[in-house]
Amino acid sequence: MSDLAAFQKSLANRRALLKGMGAAAIGISFGGLAGCDSKSESGAKIAGTGEEPKLNFYNWDTYIGETSLDDFKGASGIDVNMSLFATNDELFAKLRAGNPGFDVIVPSNDFVERMVKSDMLIPLDHSKIPNFKNAGETFKDVAYDPGRAHSMPYTWLVLGIGYRKSKVKPAPDSWKVIFDSDQYKGRIALLSEAGDLFRLSAKYLGHSVNNMPPAMIKQIEAMLIKQKPFVKSFHEDNGQDLLLSGEVDLVLEYNGDIAQIMKEDDDIGFVLPKEGSQLNSDNLCIPKGAPHPENAHAFINYLLGAEAGKKITETILYPTPNDAAKALMSDDYRNNPAIFPTAAQLAKCEYAAYNDKLQPLYEEAFTRVRAA
Amino acid sequence: MQDWKQQRSVFAAISAVPLAWLSVFFVIPLGVVWLYSFGRNVGLTEIDISGTFANYARALEPLYLEIFAKSISVAALTTLICLIVGFPVALAITFATPKWRPWLLLAIMLPFWTNLLIRTYALIAVLRTEGYANKSLGWLWDNASGLKALLGFAPLSTWEPLPLLYNNFAVIFGLVYVHLPFMVLPLYAALDRLDKSLIEASLDLGAGHWRTINQIVAPLAAPGILSGVIITFVPALGAYLTPDLMGGTDSQMIANVIERQFKRANDWPFGAALSFLLMYATFILIALQSMRTKKEAG
């Protein structure tokens, strides 16, 4: 029974499943857009924003409240047509050759940076997004998008170690247990993202996640090659399933993913190692060439509202950057140390800046680690 | 039969649509990727096709050649196992009664109705430490141990789950599972056309079953075996989902490396060069094979 539940859960994993079904997902989203276009020709109604009442939203799977889109339609009369992507790479690849008709997209912080550099995003008009005031102080101005010129905070995450309390004693407090130790031989799963692995290893070695010198990449490569025999697998962001099914006892995963399985199994814990970690954040943006920019502003403003933010958070259980929504949430959520680490812990965490020179170096070093 | 040369216009009319389809959706995009392999990244979204061979030079470094070699041996082993398992299956279907044959063929094709990813996840549920395979084996082990104790022998040591997942064994197992139908169907097609009286003659004239299969069935089914081998080997060589999801820390195949170039590394020119090396290797293999067949025929 638990097997079946875990299997169904692994199917529901938003990234792993859609990643494999990339082709199918593309089919769905193009189909959706085509249908939307043909309808728009006959639709003569005008929304309060002065545009036709349509909006094309490109989002991650299971990343919106159950009724959010209907609620928005009720409030504004605008029909939201949502299509799904599975990875930032997929999002970037689709917009690379020109916007196929999306109004609002949800890229992660490094991709916001990358898309701004590639001139793919519209600057936001803050006067049309009054709910931005709900955002927490740390999210009002961020290094990856100074002054929030192009993006609005939607969720944030931090990488840490998920572990099985009964099998891992004492509770880990350092990256050492998964990057540089044979103590839990064969019971570790690491994320198969070259960039994240190398940046967190640098953090373990006392360096920032940014501006890594090439000599350090070599050093980390050697460390990971030495660690590899003790690692059971490099997982595709499904570490929570491996931990829940008892396949491994320690995983490198995002706090939101571990928080979801902590609800199902009391024996699961999450720590943010003492060396600090890497922050990630998903953001609402409007791509260049969006057919309904006014509706897009109205939609973003709606999602940043207190009540709408609460409904989204209740469904997806990720940490919310929306203070007004957080205030409406249950104590269970607000006081969960996995979802909200302490300020002192967070102070040691950083966003990784996008660096197009280093990324290929990480990838090649990781290819060497896997081939060794 | 009429020769197409006498009916040129009819032939042209029939072939125009598929040819146009192939060139617009296959040849041209592939040509663009081929051009990328001689380019380099400028900025984040632009590729400058400068005619450089640097990507190929990098792809021929020992690191990548070793991954190529590993992928080829994994694909070859997969093909061999598929052939060994698939041949008796195809033979059994050929000799089944006409009433049973469609059902057996359906059973072979049934997995195709499910998405590869779903099948892979199902296989993971079977093979993992707490999975069905290990649970069943553990149950048998415990019962055997109990039985031994009952008969007065020392019981077996406690059951340790087998490491069935996240290693190279799992990758080969997964690839064989996925590609078996590709082997069985062409084999069946070849064996079905075989003149059964030849087999009867061979058996009548005193050859054993093994000798009959070796000297009569196998040579006559050779074209089917060959197409089965190629049709299994080529997709197995390009597999990336199975090693990704079922492999261990050292199970990466060349397609995983290529995928990462197009996605995370954002290095399309290098990814294009790696893909085309893989294609050149496949082409050469098929060309060599067809040359050999021609020589034998002529």
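**Exercise 1.** In which helix of chain A is Ile225(A) found? Then work out its surroundings.

*Solution.* Start with the position: Ile225(A) sits in helix H10 of chain A, residues 214-227. Helices here are DSSP runs of H or I with at least four residues, strands are E runs of at least two, and both are numbered from the N terminus. Next, count neighbours: Ile225(A) is partly exposed because 15 C-beta neighbours lie inside 10 Å. (Buried takes 20 or more other C-beta atoms within 10 Å, exposed 12 or fewer, and partly exposed lies in between, with C-beta atoms placed from the backbone.) Finally, look for partners: leaving out residues up to four places away in sequence, Ile225(A) touches Val369(A) and Ala372(A). Contact means C-beta atoms, placed from the backbone, within 7 Å.

A note on the source: this is a predicted model, where local features need pLDDT of at least 70, side-chain atom pairs count only at pLDDT 80 or more, and totals for chains, interfaces and linings use all residues. Residues are numbered from 1 along each chain as its sequence is written, while chains are lettered from A and ligands numbered from 1 in the order in which they are written.

**Exercise 2.** Describe how chain A meets chain B.

*Solution.* First, the two sides: 33 residues come from chain A and 27 residues from chain B. Then find the top contributor on the chain A side: H18(A) gives the most, with 7 residues.

**Exercise 3.** Describe the make-up of chain B.

*Solution.* Begin with the elements: chain B has 13 helices and 2 strands. Now the extent: its C-alpha trace spans about 80 × 55 × 35 Å along the principal axes. Last, burial: 32% of the 298 residues of chain B count as buried.
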